[in-house]
Amino acid sequence: MRSLVLIGHGSHLNGESAGAVYRYAELLRGRGLFDEVVEGYWKEEPSLRQVLRTTASTDVTVIPMFISEGYFTETVIPRELGLGHQGPVPPEGVARVLGGRTVRYTLPYGVHPGMSDVILARAREVLPDLSAQDTALIVLGHGTTRNENSNRVIYGNADRLRESGLFASVHALFLDEEPKVGTWPERVGARRVVVVPFFASEGWHTLETIPEDMGLTGEVTVFPDNPHGAQTVYYARPVGTHPAVADVVLHLAEEARGASERGGDEERGHAGAWAAFLDLARRGTRLGEALITPHAGMFELRHALDEGQPADDLTTAVTPEGLRDLTRRDEGGHHRPVHTFRNLPRGWRAVLSEADLPRGVHFLYPAVVEEGYAQHGHTLRATPWPTTARRQTGIYAKVTRATPQQVEDVAKDVCGGCLKTRLWAGEKLPRTFFAGVPGAIPCAEACTYLIAEVREEVSGKRGQAGSGHAD
């Protein structure tokens, strides 16, 4: 049995941030090469602190879904996963045994040599008849003067594609460091120019900044009076959204240190949690704001306040992913990064098989079943706020300066709207939803949303319009 975990950044503000990781998880589930594919996030749920607990196997491979090495892949993710590793990750990855699970952590997918093939695929999408006689390629990266790893992956891909001989010339250009993308007319002499953004997803840079800096008007732009004569630029979509990234992820998993085709065993705690939950579900139960009702071997989930509503009046989902998409936003259309906030939208129902129910409930309330079961069995360990605060680095290191009163004031606003009981703040939870109390859900550690709000409080920016607190 093998589990694959894809780690994304996520966002407290933007519900589309996790979209690419969702899509790759679905593609990889369809391949059937792993018994399960689970997503985890820095700014969403399940969090990096929770995600390993949600895996069913004792054999876990973790892939950072990032375009290059850097702060998140070398510091934040290893720290939050408890890997005991900081700094550059070796080519074969890092392997640790954590709580009975063998966990392999790899390099981010963007640095794998197979990404050169993805760049080429993107180039051929926008210009199928590219040729070495008259076509130049620009591999376009973000770049930063703060981390040399950011440009290394761009230069490496440019070198490999230059050696392929498929293009008249290949250039590495950047948004935020030299050579900058705005200098392309002086640097590139070919009649036709393909530009492939080496970015993880569509966003402000690929849709606004790059076209503006290059003077592009669409997918194809003609420049009749450039220094080297008339040139046509073909603008491709970013590499990170190409389906072939799934193949790169699989290669990384196969190449990870100690990778095993045999896999591991079923993780006992995880198996016990879901066996107990399925027993509840077969009798009908409520979890948080959701009502779960058995029907002839199937299960219906809906908002508890929609109990008794005719099914025809509700939007119906028949897959776990459909349930996820119906509940990702509140009734005002706002992103729900913390799923246990009391803002679950109404007006939906999901009809799932027993095989699909665990993933559906996982999407609805990530890690709640595993942590609730551990609390029910008195084995869940809480992490006090000072310990969480001291672990923070980068822009969040300043939360160590927050006074207990500041933390409590922020928590009243943030946690007051959440179903969970703050074990990390010393609150008690003698019974859980496993004992028939629907809203009795433990919170073992302060979430990243609260951490971000405490940071804003310490900075004096909390509540200011446009402060961009969480991202």
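# Strands, a cavity and ring pairs

Residue I7 has P64 as its bridge partner in strand β3. The two residues belong to strands β1 (residues 3–8) and β3 (residues 59–64), which pair in the parallel sense over 5 bridges. The model is predicted: local features need pLDDT of at least 70, side-chain atom pairs count only at pLDDT 80 or more, and totals for chains, interfaces and linings use all residues. Residues are numbered from 1 along each chain as its sequence is written, and side-chain values use heavy atoms, with hydrogens and water left out.

## The open sheet

The pairing of β1 and β3 is part of an open sheet of 5 strands, in the order β2-β1-β3-β5-β4, with mixed pairing. At its edges lie β2 (36–41) and β4 (94–98), each of which pairs on one side only. From one strand to the next, the twist averages 25°, taken between lines fitted to C-alpha atoms in their N-to-C directions, on a scale from 0 to 180 degrees. Strands pair when DSSP finds at least two bridges between them; strands (E, at least two residues) and helices (H or I, at least four) are DSSP runs, numbered from the N terminus.

## The cavity

What is the volume of the largest cavity? It is about 70 Å³, and the count of cavities of 30 Å³ or more comes to 1. A cavity is a set of points on a 1 Å grid where a 1.4 Å probe fits but cannot get out, and lining residues have an atom within 4 Å of a point. The volume is the space filled by probe spheres set on the points.

The lining of the largest cavity consists of Y22, E39, Y41, E45, P46, R324, H339, H362, F363 and P366. Strand β2 and helix α10 (357–364) each supply at least two of the lining residues. The lining divides into 5 nonpolar, 2 polar and 3 charged residues. Two of the lining residues, E45 and P46, are joined by a cis peptide bond with omega of about 0°. P46 lies in the loop between β2 and β3.

## Backbone details

Most residues other than glycine have a negative phi, and most peptide bonds are trans. A367, in the loop between α10 and α11, has a positive phi near 65°. H378, in the loop between α11 and α12, has a positive phi of about 60°.

## Aromatic pairs and exposure

The whole structure holds 11 aromatic pairs, counted when ring centres of Phe, Tyr or Trp (its six-membered ring) lie within 6.5 Å; planes under 30 degrees apart are stacked, over 60 edge-to-face and the rest tilted. The rings of Y373 and F434 have centres 5.5 Å apart and planes at 70°, so this pair is edge-to-face. Because Y373 lies in helix α11 (residues 368–376) and F434 in the loop between β16 (420–422) and β17 (441–443), the pair ties together parts 61 residues apart in sequence. The rings of W385 and W424 have centres 6.3 Å apart and planes at 50°, so this pair is tilted. W385 is in helix α12 (residues 385–391) and W424 in the loop between β16 and β17, 39 residues apart.

Buried means under 20% relative accessible area, exposed over 50%, and partly exposed in between (1.4 Å probe, protein chains only).

| Residue | Relative accessible area | Class |
|---|---|---|
| Y373 | 30% | partly exposed |
| F434 | 11% | buried |
| W385 | 10% | buried |
| W424 | 6% | buried |
| A367 | 1% | buried |
| H378 | 69% | exposed |

Key. On a 1 Å grid over the protein atoms alone, a cavity is a set of points where a 1.4 Å probe fits but cannot get out, and a pocket is an open set with protein on both sides within 12 Å along at least five of seven lines; lining residues have an atom within 4 Å of a point. Ala, Val, Leu, Ile, Met, Phe, Trp, Tyr, Cys and Pro count as nonpolar, Asp, Glu, Lys and Arg as charged, and the others, Gly among them, as polar.
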